Each structure stands twice: as structure tokens, then as C-alpha cells.
Amino acid sequence: MAKHEIVKVYDQHIPRHIRNFLEALTELNLHFTSRSLENIYQSQKERKLAIARAMRICSNMGMPVEQHFRRCFIVDITRHTTEETWRMSKIAYCLALLNGDPDNPMVGRIQWELLKRMV
């Protein structure tokens, strides 16, 4: 085996109380919501696209998507409506900000500010 090789073990039973603990740890890191992207993205379609792109990036990088994104539903009992929203980690939120529609001037400004800080 190579010096830095990672071994992943699949199909192992994890006791329920440990699964619940791990789930609670994941929940602690999901501070951001897709509703907070409403100031950046004008439409729900644009927000969904940015989140989908961020999810693909996480997946392509081998990051567990379920640790960074959680689908939630907000129910308005008075109007009898249900709205889908996402809870996201800081990494997921930043990826959603950076990977929105390039025609959106706010996305370009965020990308520009990031580049200015890096260079």
C-alpha cells in the first residue's frame, strides 16, 4: 500500500446512536440558507442553478454533498404553501455565490473581489 493511500470501508453497520451523533455534527455546520441568496440572485431558478453547480463541484472534488447541503421545507400554514429551501455549510454557500449566472453583475463583482484579495 502506498504511503498516503486512503482506505475506505463500505457496508459497515454503524449503531443508530452514533449515526444520530454524526448527523447532529453535520447539522451544526449548516449555518447558511438559500433564502440568504435572494439579495444576489433575483429568481428562484437562478438560485437553484447556483446551488446545483455548487453541489456538482463538491461531488467532483470528492466532498460528501450531504455534509454541505441539506434540503428543507418551509411550511406556511396560513397560505397552505410549502417552499423548498437549502441549508448549506460555509463552503457550500461560498461556492453557490461564486458559481451563479455569469450574466449577473453581483456574481461578477463577488468573483472580482475574490480575485483582488488573492492576487
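**Note on the predicted model**

1. Confidence by element. Helix H1 (residues 16–28) has the lowest mean pLDDT among the elements of the chain, at 77. Helix H2 (residues 44–60) has the highest, at 94. This is a predicted model, and the mean pLDDT of the chain is 86. Of its residues, 91% reach 70 or more.

2. The largest pocket. Its volume is about 310 Å³. Which element gives the most to the lining? H1 does, with five residues. The lining consists of Arg-19, Leu-22, Glu-23, Leu-25, Thr-26, Asn-29, Pro-64, Glu-66, Gln-67 and Arg-70. By class, that lining has four charged, three polar and three nonpolar residues.

3. The S2–S3 pairing. Strand S2 (residues 69–76) and strand S3 (residues 81–88) run antiparallel. Eight bridges join them. Two of the partner pairs can be named here. Phe-69 has Met-88 in S3 as its bridge partner. Ile-74 is partnered by Glu-83, again in S3. In a regular strand, side chains alternate between the two faces of the sheet.

4. The hairpin turn. S2 and S3 form a hairpin, with four residues between them. His-80 is found in this loop. Most residues other than glycine have a negative phi. Is His-80 buried or exposed? His-80 counts as exposed, because its relative accessibility is 72% and the cut-off for exposed is over 50%.

5. The S1–S3 pairing. S3 also pairs with S1. Two bridges join S1 to S3, and the strands run antiparallel. Thr-33 stands opposite Arg-87 of S3. S1 covers residues 32–33.

6. The aromatic pair. How many aromatic pairs does a search of the whole structure find? The search finds one. Phe-32 and Tyr-93 form this pair. A pair of aromatic rings is described by the distance of the centres and the angle of the planes. For Phe-32 and Tyr-93 the centres are 4.5 Å apart and the planes make an angle of 15°. The pair counts as stacked, because planes under 30 degrees apart are given that label. Phe-32 lies in strand S1 and Tyr-93 in helix H3 (residues 90–98), so the contact ties together parts that are 61 residues apart in sequence.

7. Tyr-93 counts as buried, at 13% relative accessibility. Phe-32 counts as partly exposed, at 26%. The labels differ because buried means under 20% relative accessible area.

8. Leu-49 and Asn-99. The C-alpha atoms of Leu-49 and Asn-99 are separated by 8.6 Å. Along the chain, the two residues are 50 residues apart. Is Leu-49 buried, exposed or partly exposed? At 37% relative accessibility, Leu-49 counts as partly exposed.

Definitions and conventions:
Residues numbered from 1 in each chain as written. Predicted model: local features only at pLDDT ≥ 70, side-chain atom pairs only at ≥ 80, totals over all residues. Heavy atoms only, no water. pLDDT = per-residue confidence, 0-100. Phe/Tyr/Trp six-rings, centres within 6.5 Å; stacked < 30°, edge-to-face > 60°. Buried < 20%, exposed > 50% of the residue type's maximum accessible area, 1.4 Å probe, protein only. 1 Å grid on protein atoms, 1.4 Å probe; cavity = no way out; pocket = protein on both sides within 12 Å on 5 of 7 lines; lining within 4 Å. Points joined across faces, edges and corners; volume = space filled by probe spheres on them. Nonpolar A, V, L, I, M, F, W, Y, C, P; charged D, E, K, R; others polar. Pairing = 2+ DSSP bridges.
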